[in-house]
Amino acid sequence: MSHFTSEDEALLQSMLRQLLQSVKEKITGAPSVECAEEILLHLEETDENFHNYEFVKYLRQYINNTVGSVIEEETEKCTAQSQGEVSGYDTLVQHVTKKTRESKEYMEMMHAMKNVMMVVVESLINKFEEDRMHNKELDSKTKKERQSGYDTDNCSDSDSSFNQSYTFMSQEQLQLLVERLDPIQPKEVRQEALQTLCFAPPSDILNSESWPNLRKHLTMSLSDPDATFSEKILRFYAKTFSSSPFNMTRDVYTSLARHLELYFLSGEYSLRISAGLDVSNTDINRLLKKVRLLNEYQKEAPSSWIRHPEKYMEEVVESTLSLLTVKYKPNHPASPDFLSPVYFLALLDIKAVWFKKWTHAYYSRTVVFRLLEKKYKSLINAAVQQCLDYFEFCKAAVHKNTTVNDFSQQHCSDKQNFSYTGPELQYIYFVHSLCLLGRLLIYKQGRNLFPVQLKGKKDSVSITDLLVLFTQFIYYSSSYPKTAVAAQTDSYSPASLVMEILQVFCDQTGCAAECLYTDAVINALLHPVQSLLSGTEVYLNCLENTLIDVADILARIAAVEDGLSFLLYGENEKTAKEDSPTAVHVIVQFTKKLLHDDISLLSGSEILPVVKGAFIFVCRQMYRTCEGLQMLIPYALHECIGEAWKKVNLVS
């Protein structure tokens with residue numbers, strides 16, 4: 001049973017408590033199998049994760065191996081009777097169930113389970129009494145000794161379900177525990193109380209009347225200078241998150257978020273972006289552990305919060321947004337160099353997976369977007385500002401003919417694996433901001449948050465402005481910074497991230513119409529193409545990759561009826577001007593030049609055939625309809641393709 005998880009542990013502990021209660025109150029002799037059946041049925045009704053536990057899967061497999069053949073045999077007999085007594089699904093199930101219960105195999109299985117249960121429960125009762133006596137002895141011993149080695153971590157969160165023993169506590173004991181954990185108590189008293197807390201089932205603690213006061217004490221104690229003390233509290237929190245339902249764990253989460261918010265607002269915190277971040281530092285490492293615990297819960301909570309009242313979810317969402325916008329609170333001395341909580345979250349969840357999960361379901365994203373609009377819009381403003389700042393850096397680097405890689409590499413220290421420079425932190429936050437905004441714009445409620453007004457800017461930033469900015473990242477940052485996080489991978493480059501976002505937009509009808517089908521966005525997308533057509537100087541990194549990315553988005557737009565219409569006629573067909581040709585004309589002219597090898601900057605390129613193929617595919621998407629074909633006929637594109645094909649055959 002060593003493969004059981006912590007969730008199985010919680011299930012088993014719950015069953016054992018109920019079995020022991022049944023033994024004490026109802027059963028004078030050996031416990032019956034019917035008692036166990038009642039407990040399992042009750043747990044199945046009350047626990048939504050019941051069928052996912054390894055223990056339950058084991059029971060199901062055991063039953064299937066024992067009486068599975070009987071069930072199959074009876075089912076075949078019944079289904080073979082076309083006009084017999086047994087007809088209808090419900091009647092069939094009842095008949096098979098009755099026959100199975102009367103079978104010899106079933107009787108033997110129940111007898112075997114009863115014998116095993118008698119031994120197990122007897123062993124559990126003995127173990128329970130032994131543990132109770134052992135804990136009493138341990139309590140009296142620790143009061144006398146108070147040795148320096150006491151702080152060894154006995155609050156292990158090991159995966160082994162049976163390496164730990166729990167102490168079931170009464171309300172009086174819990175109240176005494178709360179009093180001993182009060183920060184005004186001596187250190188030794190609090191350590192002893194915390195040790196007892198670690199042995200108590202989290203569900204008993206959270207369900208007790210003393211929990212509100214205990215939560216306050218634990219929140220305050222998280223700031224304790226003794227690292228082992230706060231570490232044990234975090235372990236208790238982690239165990240609670242893994243073994244308790246959402247309606248209980250929300251209190252633990254909000255208390256941890258509140259503790260972090262107060263810490264960032266306090267004068268004790270003084271970290272700055274320009275100074276970088278050394279994660280090997282003990283204090284910073286402790287801080288990252290707290291943020292990581294929050295982030296793990298953020299990604300798990302959406303799977304269960306729909307089963308609970310909306311106000312519970314709102315508490316979690318609001319405490320999170322309040323923490324992430326701590327820099328913009330009235331009582332905070334604003335500083336552009338302030339290393340805010342969102343940087344720590346970005347370090348641990350660079351692609352903002354937590355936000356993706358929170359906005360996946362309508363139920364939760366409605367709450368998230370409502371709170372963003374009413375109270376925490378500064379989080380969106382800061383993300384937009386970060387993208388604008390990074391774009392200015394990329395643009396300046398390209399015009400100076402330097403690579404964007406310098407952004408992360410120019411100040412790398414000898415401890416690169418354990419520390420981040422200021423520019424690296426800025427880039428990590430930029431990636432987090434880009435992913436968050438990309439997710440936000442998918443939904444109508446998210447788009448309603450725009451335009452946003454940035455501090456120190458006269459004009460507001462609209463959705464179109466933001467999409468133009470995203471598009472420019474494709475050709476101004478094809479070469480990406482290899483940070484400590486993104487080393488040897490292309491998945492964190494701005495161009496790759498923007499491509500992922502735009503590809504998702506293309507698949508969403510409403511989103512594409514509002515975000516992509518505008519002249520400003522398509523002109524930005526075609527900027528490198530128009531520059532090559534006109535012969536103007538092009539400041540681009542990795543030109544071929546940029547053109548392939550542009551062609552990919554154009555092909556996706558052309559694959560949809562509304563998108564094709566936009567490429568053919570522009571944003572507004574009636575007001576289209578002759579001196580500013582629509583996208584289709586620019587694309588076809590560029591494709592012809594490619595086929596004629598008439599672009600000097602691309603001559604000799606190894607991947608030029610790939611670029612040609614990408615733009616031919618765009619044209620194919622456009623001439624697949626009568627309207628598109630009529631628009632492309634004057635360009636005699638088919639003749640150019642034929643000539644190019646002959647040339648390739650001659651060379652080969």
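**View 1. Helices H9 and H10 pack against each other**. Helix H9 (residues 211-221) and helix H10 (residues 227-243) have axes 9 Å apart and pack at an angle of about 130°. Axes are lines fitted to C-alpha atoms, for helices over the stretch in contact, and angles run from 0 to 180 degrees between N-to-C directions. H9 is therefore oblique to H10. Angles under 35 degrees count as roughly parallel, over 145 as roughly antiparallel, 65 to 115 as roughly perpendicular, and the rest as oblique. The crossing of H9 past H10 is left-handed, a term for a near helix turned anticlockwise from the far one by less than a right angle; clockwise is right-handed. From H9, Leu218, Thr219 and Ser221 take part; they meet Phe229, Ser230, Ile233, Phe236 and Tyr237 of H10. Contact means heavy atoms within 4.5 Å. The H9 contact with H10 counts five nonpolar, three polar and no charged residues. Here Ala, Val, Leu, Ile, Met, Phe, Trp, Tyr, Cys and Pro count as nonpolar, Asp, Glu, Lys and Arg as charged, and the others, Gly among them, as polar.

The model is predicted: local features need pLDDT of at least 70, and side-chain atom pairs count only at pLDDT 80 or more, while totals for chains, interfaces and linings use all residues. Residues are numbered from 1 along each chain as its sequence is written, and side-chain values use heavy atoms, with hydrogens and water left out.

**View 2. Helices H26 and H29 cross at roughly 15°**. The axes of helix H26 (residues 543-558) and helix H29 (residues 608-623) come within 9 Å. That angle makes H26 roughly parallel to H29. H26 passes H29 in a left-handed crossing. H26 supplies Glu544, Leu547, Ile548, Ala551, Leu554, Ala555 and Ala558 to the contact; H29 supplies Val610, Val611, Ala614, Phe615, Phe617, Val618, Gln621 and Met622. By class, the H26 contact with H29 has 13 nonpolar, one polar and one charged residues.

**View 3. Gly446 sits in helix H20 (residues 444-447)**. Gly446 is buried, at a relative accessible area of 0%. Buried means under 20% relative accessible area, exposed over 50%, partly exposed in between (1.4 Å probe, protein chains only). Leaving aside neighbours within four places in sequence, Gly446 contacts Phe369 and Leu440. Val368 is 78 residues from Gly446 in sequence, yet 9.4 Å away in space, C-alpha to C-alpha.

**View 4. A cis peptide bond joins Phe450 and Pro451**. Omega is about 5° at this bond. Pro451 lies in the loop between H20 and helix H21 (463-476).

**View 5. Asp597 and Ala636 have positive phi**. Most residues other than glycine have a negative phi, and most peptide bonds are trans. Phi of Asp597 is near 55°. Asp597 lies in the loop between helix H28 (583-595) and H29, and is partly exposed, with a relative accessible area of 41%. Phi of Ala636 is near 50°. Ala636 lies in the loop between helix H30 (626-632) and helix H31 (637-651). Ala636 is buried, at 19% relative accessible area.

View 6. Helices (H or I, at least four residues) and strands (E, at least two) are DSSP runs, numbered from the N terminus. Of the 652 residues, 48% are buried. Among contacts between residues at least 6 apart in sequence, 75% join residues at least 24 apart.
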